[in-house]
Amino acid sequence: MTDQTYCDRLVQDTPFLTVQGRLSEQQVDRIILQLNRYYPQILTNKEAEKFRNPKVSLRLRLCDLLSHLQRSGERDCQEFYRALYIHAQPLHSCLPSRHTLQNSDCTEFDWGDKSHELSDRGPMSFLAGLGLAAGLALLLYCCPPDPKVLPGARRVLGFSPVIIDRHVSRYLLAFLADDLGGL
């Protein structure tokens, strides 16, 4: 994985973010307000007013904001990305720096090229296995090896952990006794 800092990412993403119509005025205002309200050390009130000035074009305000953050340091750029994720998540996932980070790590799986099948046997094999498991569960439920369990109690309790534990313990002890008896 590359050692790309948030400032480097912001330099790479600036042309993408400043394209006309990429970020709406409301999204930019929300990002500026978040950086100003939650992190006043990143954007002071005066700076926030400057970047939210409606008399200046949105693109120019956004360029000024991004260059200010790049000069401010790594933490400020990181908080910008956090605010961008909160207020413009679809855009955040399309950033060029995110695609660079995802493609640079050789150990990551390439999810886009291959199908996500767990087995090449198909859905009928899955349904057959599911039917077999359900049939065995029904058989164990309807024909318990313990005649002392009342049919009404069995319906009420169902497969409670107590009943399952008792049956598993009995079968496990019988299996181990048979196994050890043959030695």
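Helices (H or I, at least four residues) and strands (E, at least two) are DSSP runs, numbered from the N terminus.

**View 1. The whole predicted model, read along the sequence.** The protein has 10 helices and zero strands, following the pattern α-α-α-α-α-α-α-α-α-α along the sequence. This is a predicted model, in which local features need pLDDT of at least 70 and side-chain atom pairs count only at pLDDT 80 or more, while totals for chains, interfaces and linings use all residues. Residues are numbered from 1 along each chain as its sequence is written, and side-chain values use heavy atoms, with hydrogens and water left out.

**View 2. The crossing of helices α1 and α5****.** The axes (lines fitted to C-alpha atoms, for helices over the stretch in contact, with angles from 0 to 180 degrees between N-to-C directions) of helix α1, residues 6-17, and helix α5, residues 74-87, come within 9 Å and cross at roughly 50°. The contact (heavy atoms within 4.5 Å) is made by Tyr 6, Cys 7, Arg 9, Leu 10, Asp 13 and Leu 17 of α1, and by Glu 74, Cys 77, Gln 78, Phe 80, Tyr 81 and Leu 84 of α5.

**View 3. Burial and surface of the protein.** Of the 183 residues of the protein, 27% count as buried, that is, under 20% relative accessible area with a 1.4 Å probe, protein chains only. The accessible surface (Shrake-Rupley method, 1.4 Å probe) comes to about 13000 Å², of which 61% belongs to carbon and sulfur atoms. Among contacts between residues at least 6 apart in sequence, 62% join residues at least 24 apart.

Definitions and conventions. Buried means under 20% relative accessible area, exposed over 50%, partly exposed in between (1.4 Å probe, protein chains only).
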